[in-house]
Amino acid sequence: MASITLGGNPANTVGNLPEVNTQAPAFTLTKSDMSTKTLSDFQGSKVVLNIFPSVDTGTCAQSVRQFNEEAAELSGVKVLCISKDLPFAQNRFCGAEGIENVEMLSDYKTGSFGQDYGLAFADSAFESLLSRCVVVLNEEGKVIYTEQVQETGDEPNYKAALEALMDA
């Protein structure tokens, strides 16, 4: 379990992020058109999992914007923005913001992604939502970088995540 903060108040996650050099847990998430995507759909590409509580908060929205901008310049990399927001809300946000270089995915149906990756909030006002994390995978789905953001209101370290891609 990771001990983090939410607005300066203590919070915990249900577990810990997958370890570097391990195979990423499989997942099935929902796209904005209500179809599903699985981890195996991205095999052969490097993948950035930008994970956050809700696209309707300022920091979460900024992380999507930032990765959208960065992803436009990356070849062979897929950026997946994952939350428990309903796909309709994710789609509305992307349309309003002109977001086209990332793929929005939702864990709203089962919550198994947050459980399997150990990053769902176990307590606090955000209980069961996804905590702010970045997980980077190589072309074979192996974890090459993780970041559990200590204070939920802070942005992730974009530079470190992108550097991990270049080093892989």
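**Notes on a predicted structure**

1. Let's start with helix α1, residues 58-71. At 1.5 Å a residue, its 14 residues should span 20 Å, and the C-alpha atoms at its ends are 20 Å apart, so the two agree. Keep in mind as you read on that this is a predicted model.

2. Next, where does α1 sit? Its buried residues are T59, C60, A61, S63, V64, Q66, F67, N68 and A71.

3. Now zoom out. The protein has four helices and nine strands. Follow the chain along the sequence and you get the pattern β-β-β-β-β-α-β-α-β-α-β-β-α.

4. How does the overall size come out? A compact globule of 168 residues would have a radius of gyration near 15 Å, and the protein has 14 Å, which agrees. Along the principal axes, the C-alpha atoms fill a box of roughly 40 × 35 × 30 Å. The accessible surface is about 7500 Å², and 45% of that belongs to carbon and sulfur atoms.

5. On the inside, 51% of the 168 residues count as buried. Look at the contacts too: among those with a separation of 6 or more, 66% are between residues 24 or more positions apart.

6. You'll find C81 in strand β6, and with a relative accessible area of 0%, C81 is buried. Beyond its neighbours within four places in sequence, C81 is in contact with N50, F52, V64, Q90, V102, E103, M104 and L105. V64 in that contact list is also one of the buried residues of α1. As for A2, it is 79 residues from C81 in sequence, and their C-alpha atoms are 21 Å apart in space.

7. L119 lies in the loop between α3 (112-116) and β8. Is L119 buried or exposed? Buried, because its relative accessible area is 0% and the cut-off for buried is under 20%. L119 and G15 are 104 residues apart along the chain, yet their C-alpha atoms are separated by 6.2 Å. Setting aside residues up to four places away in sequence, L119 touches T13, V14, L17, I51, F113, G114, L129, L130, S131, C133 and Q148.

8. What about charges? Side chains of opposite charge can pair when their charged atoms come close. The structure holds one salt bridge. The partners are K159 and E163, with their closest N and O atoms 3.9 Å apart. Both residues lie in helix α4, four residues apart, which is about one turn of the helix. K159 counts as exposed at 58% relative accessibility, while E163, at 39%, counts as partly exposed.

9. M34, L86 and F88 make a nonpolar surface patch of about 290 Å². L86 is found in the loop between β6 and α2, and its relative accessible area of 44% makes L86 partly exposed.

Terms used. Residues numbered from 1 in each chain as written. Predicted model: local features only at pLDDT ≥ 70, side-chain atom pairs only at ≥ 80, totals over all residues. Heavy atoms only, no water. Helix = DSSP H or I, 4+ residues; strand = E, 2+ residues; numbered from the N terminus. Expected span 1.5 Å × (residues − 1). Buried < 20%, exposed > 50% of the residue type's maximum accessible area, 1.4 Å probe, protein only. Salt bridge = Lys/Arg side-chain N within 4 Å of Asp/Glu carboxyl O. Patch = residues over 30% accessible without salt bridge, like charges linked within 9 Å, V, L, I, M, F, W, Y side chains within 5 Å. Areas by Shrake-Rupley, 256 points an atom, 1.4 Å probe, with all protein chains shown as cover. Rg over C-alpha atoms; globule rule 2.2 N^0.38 Å. Contact = heavy atoms within 4.5 Å.
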